[in-house]
Amino acid sequence: MKNVCLLWGKFITVHCLGDIAFPSMTPSSPPRLLTLVKRGRPISLNYYWVDENLWQDHSLLLNMSAMSLRGAQNEKQRQRDPQRMRNVPNISFQLELLLTEAGIHDLETLQKLGAAAAWYRLRAMRKDLSINVLFALEGAITGMHAAIIPLHRRQHLLEWAETLTGRKNAMPEEE
């Protein structure tokens, strides 16, 4: 077993984990991001393996550090992006992940597809998707909270969903 460290992408800091055996990384192999599987979905972490071989190769270590810094800067810029789905009304972190999985990465794509087509894509992946997600998508596109979508539009979306699913869904009462 070797003493292994991790290079964190955001702050270019190094954390040693002690005597843990990890696959070694050589200059010929690409940098490996650590991946955590959470609820069945792989999540790439902002850590790279740093083993004894990498510590000895100063050039590669500096290149990886520079790559980490660029990645962190790009990620920070992406998080500030007003087009980021999570910054849009009604889009939770979980819904953002689901949209990304369906190939809908930004508000522009969502707007081009429309709420119904986006919901249809999501529903193909998750059959138990609620009608409320359809309303949330419509609200995200129009820039309003799902609860204040005009009644005629909600009714139209509800009827469309009922036709698609073959089920009657109770329309939530307006207060």
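Student: Which residues in α5 meet which residues in α6?

Tutor: In this predicted model, Ala-115, Ala-116, Ala-118, Trp-119 and Leu-122 in α5 meet Ile-131, Val-133, Leu-134, Leu-137, Glu-138 and Ile-141 in α6. Sorted by class, the contact of α5 with α6 has ten nonpolar residues, no polar ones and one charged residue.

Student: What makes α5 oblique to α6?

Tutor: Helix α5, residues 115–125, and helix α6, residues 131–142, pack at an angle of about 140°, and their axes are 9 Å apart. Angles over 145 degrees count as roughly antiparallel and those from 65 to 115 as roughly perpendicular, while the rest, apart from those under 35, count as oblique. The angle of about 140° falls in that remaining group, and therefore α5 is called oblique to α6. The crossing of these two helices is right-handed.

Student: Why is α6 called oblique to α7?

Tutor: The axes of α6 and helix α7, which spans residues 151–165, come within 10 Å and cross at roughly 135°. Because an angle between 115 and 145 degrees is neither roughly perpendicular nor roughly antiparallel, α6 is oblique to α7. The crossing of α6 and α7 is right-handed.

Student: Which residues of α6 and α7 meet, and how many of them are charged?

Tutor: On the α6 side there are Ile-131, Leu-134, Phe-135 and Glu-138, and these meet Arg-153, Arg-154, Leu-157, Leu-158, Trp-160 and Ala-161 in α7. By class, this contact has seven nonpolar, no polar and three charged residues.

Student: How do you know on which side of α5 its buried residues lie?

Tutor: The buried residues of α5 are Ala-115, Ala-118, Trp-119, Leu-122 and Arg-123. They cover an arc of only 135° around the axis, which puts them on the same side of α5. As background, an α-helix has 3.6 residues a turn, so residues three or four places apart point the same way. The partners against which the buried residues of α5 pack are α3, α4 (107–113), α6 and α7.

Student: What arc do the buried residues of α3 cover around the axis?

Tutor: In helix α3, residues 93–101, the buried residues are Leu-95, Glu-96, Leu-98 and Leu-99. Their arc around the axis is only 165°, which puts them on the same side of α3. After α3 comes Gly-103, whose phi is positive, near 90°.

Student: Why does Pro-89 count as partly exposed?

Tutor: A residue is buried under 20% relative accessible area and exposed over 50%, with partly exposed in between. Pro-89 has 34% relative accessibility, and therefore it counts as partly exposed. Pro-89 is found in the loop between α2 (58–80) and α3.

Student: Which residues does Pro-89 touch, not counting residues up to four places away in sequence?

Tutor: Pro-89 touches Ala-136, Ala-140, Gly-143 and Met-144. With Ala-136, the separation is 47 residues in sequence and 8.0 Å in space, taken from C-alpha to C-alpha.

Terms used:
Residues numbered from 1 in each chain as written. Predicted model: local features only at pLDDT ≥ 70, side-chain atom pairs only at ≥ 80, totals over all residues. Heavy atoms only, no water. Axes fitted to C-alpha atoms, helices over the stretch in contact; angles between N-to-C directions. Helix = DSSP H or I, 4+ residues; strand = E, 2+ residues; numbered from the N terminus. Left-handed = near helix turned anticlockwise from the far one by under 90°. Contact = heavy atoms within 4.5 Å. Nonpolar A, V, L, I, M, F, W, Y, C, P; charged D, E, K, R; others polar. Buried < 20%, exposed > 50% of the residue type's maximum accessible area, 1.4 Å probe, protein only. Arc of directions from axis to C-beta.
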